[in-house]
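Visitor: I am new to this structure and would like to learn how to read it. Please take one feature at a time.

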Amino acid sequence: MIRTFTQPWPALGLALLLAVTIGCASPGPFADQLVPAKRAAARGNRTTEELKASVGWLDIEAQEAGRSTISPEHLLEFANKARAAVKPPNPVPKKHILIITGGGSYGAYPAGVLVGWTASGTRPEFDVVTGISTGALIGAFAFLGPSEDAELQRCYTTLQSKDIYKRNRILPAIFSESLADSAPLNKLIHEVATDERIARFAVEHHKGRRFYVGTTDLDVRRAIVWDMGAIAARNTPADRELFRKVLLASATIPGFFPPVRFPITVDGRPYIERHIDGGTTSSMFFAPPWVPPAEREKLPAGGLHGSEVYVLVAGKMYPDPTPVKSRTFAIASNAISTIVYDQTRSDLHKLFLLTTMTGMNYNVSVIPTDVQSPLASTDFEPREMSRLFCAGVEWASAGPKWRITPPGSEPGEGAKYRAGTVLTDTGRGVGANTLGPPFSSIPAVVPEK
């Protein structure tokens, strides 16, 4: 027998749950201000500081079961040998591919990385840029080059939540498409994606450079990748509007913003597609550089060897431990946020494998572990975003030191194995880079590139 709900409460629960699972969802800005003494019991008697320290709480004897099949040093050695094996006999021109993830206001960090990268004097011109959600908006600036750094900084250090969305009244929102109105974001995109800027995408597209944006077809539940330069190159008012519409759709958080509708035709028959945040189906995606048709058959095996893949993650590799209220939606939203972080790490693993098998170099930047990120990804607060932006500038301006290992390979990232509940605090009095038992396969120092 199938149970049918006739009351609005399941719909309310679903709407509220969707509203708090944006991109790299995170706790609100007041999470660290909770009173431990009054609420610790409901949370399991761990304060915020104790939760942060719990990364080093291990069952040392049982942890031996989690020793790696291959150590990080041997993994890098294997990856380098695999890359060397596909090196073509004649050198091929190096390409630069930039990939930017979603993450809402956490996009202030990769925005800062780009500006700091320019200041270092080492930022290349990207042959391909791909972006999802906030990464699509940042990617548009990155594709046009350092001349857009000032506007990129303005957008990610001065804008507020009211410039991005307007919350709907809760009761009407329950029976509508979204909890918030994305009209402010749509207005902002129209102000930034001017006809002049869109024309520049067309120029670069004709040179062979490519900019791709990911959205999700809500009803088909599949990822859609848009060639933004091709859209711009058609140079019609309708296509310029489509260009802006795709950027809006990519950042349309499901349940929080209303889906963006795209009229399409199939063999002359009209249909309507509804698109939402590209991060719903993937946190990031790779697209190869364009090759002229006449040269494709001549392209040697290993044609991407030596090319650089740069991934800017609008978030941390692992979320900050935070007390979760003993409430249904708080627990559910925290669980879904955890899934989103895991999806990002999984996609980074896929990229590591792809770069290894094709001979490309793997470079990743994430928000450093020692940079506090207390705000939710839907909170656009200039002071907090400026702090993340400056962290990105500082990381990149002295010359980026890219992470070249996949998730789980660096200190403190190993899985926890237990045979009981009596643990040892292996992190007391030592730095984060030495967390783990003495016999852990996780190295204390990650090899430099």
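Visitor: Does D267 count as buried or exposed, and what is its relative accessibility?

Guide: This is a predicted model, and the values here are computed from it. D267 has a relative accessibility of 81%, and the cut-off for exposed is over 50%, so D267 counts as exposed. The residue is found in the loop between β8 (260-266) and β9 (269-277).

Visitor: What is the phi of D267?

Guide: The general idea comes before the case. Most residues other than glycine have a negative phi. D267 is not a glycine, yet its phi is positive, near 55 degrees.

Visitor: Which loop holds N235, and what is its phi?

Guide: N235 lies in the loop between α12 (228-233) and α13 (237-250). Its phi is positive, about 55 degrees, although N235 is not a glycine. With a relative accessible area of 54%, N235 is exposed.

Visitor: Where is T194 found, and how far is it from R244 in space?

Guide: T194 is found in the loop between α10 (183-192) and α11 (195-206). Its relative accessible area is 26%, which makes T194 partly exposed. In sequence, T194 and R244 are 50 residues apart, while their C-alpha atoms are 9.2 Å apart in space.

Visitor: Now for a helix. How many residues of α7 are buried?

Guide: Buried means under 20% relative accessible area. By that cut-off, 11 of the 11 residues of helix α7 (residues 134-144) are buried, and the helix is mostly covered. Among them are T134, L137, F141 and L144. After α7 comes G145, with a positive phi near 105 degrees.

Visitor: How should I read a strand such as β10, and why is it described as largely enclosed?

Guide: Count its buried residues, then look at each face. Five of the five residues of β10 (residues 308-312) are buried, so the strand is largely enclosed by the rest of the structure. E308, Y310 and L312 lie on one side, V309 and V311 lie on the other, and both faces are covered.

Visitor: Which strands are joined to β10?

Guide: Strand β2 (residues 96-100) is joined to β10 by five bridges, and the two run parallel. In this pair, L98 stands opposite Y310. Five bridges also join β10 to strand β11 (residues 361-365), again in parallel.

Visitor: How is a pair of packed helices described?

Guide: Two packed helices are described by the angle between their axes and the distance between the axes. Take helix α6 (residues 108-120) and helix α16 (residues 382-397): their axes come within 6 Å and cross at roughly 35 degrees. The crossing is right-handed. Residues making the contact include A108, Y109 and W117 of α6, and M385, F389 and W395 of α16. By class, the contact has 14 nonpolar, five polar and no charged residues.

Visitor: And for the whole chain, how many helices and strands are there, and what share of the residues is buried?

Guide: The chain has 16 helices and 12 strands. Of its 449 residues, 48% count as buried. The accessible surface of the chain is about 22,600 Å², and carbon and sulfur atoms account for 58% of that surface. Among contacts between residues at least 6 apart in sequence, 78% join residues at least 24 apart.

Technical notes
Residues numbered from 1 in each chain as written. Predicted model: local features only at pLDDT ≥ 70, side-chain atom pairs only at ≥ 80, totals over all residues. Heavy atoms only, no water. Axes fitted to C-alpha atoms, helices over the stretch in contact; angles between N-to-C directions. Helix = DSSP H or I, 4+ residues; strand = E, 2+ residues; numbered from the N terminus. Left-handed = near helix turned anticlockwise from the far one by under 90°. Contact = heavy atoms within 4.5 Å. Nonpolar A, V, L, I, M, F, W, Y, C, P; charged D, E, K, R; others polar. Buried < 20%, exposed > 50% of the residue type's maximum accessible area, 1.4 Å probe, protein only. Areas by Shrake-Rupley, 256 points an atom, 1.4 Å probe, with all protein chains shown as cover. Pairing = 2+ DSSP bridges.
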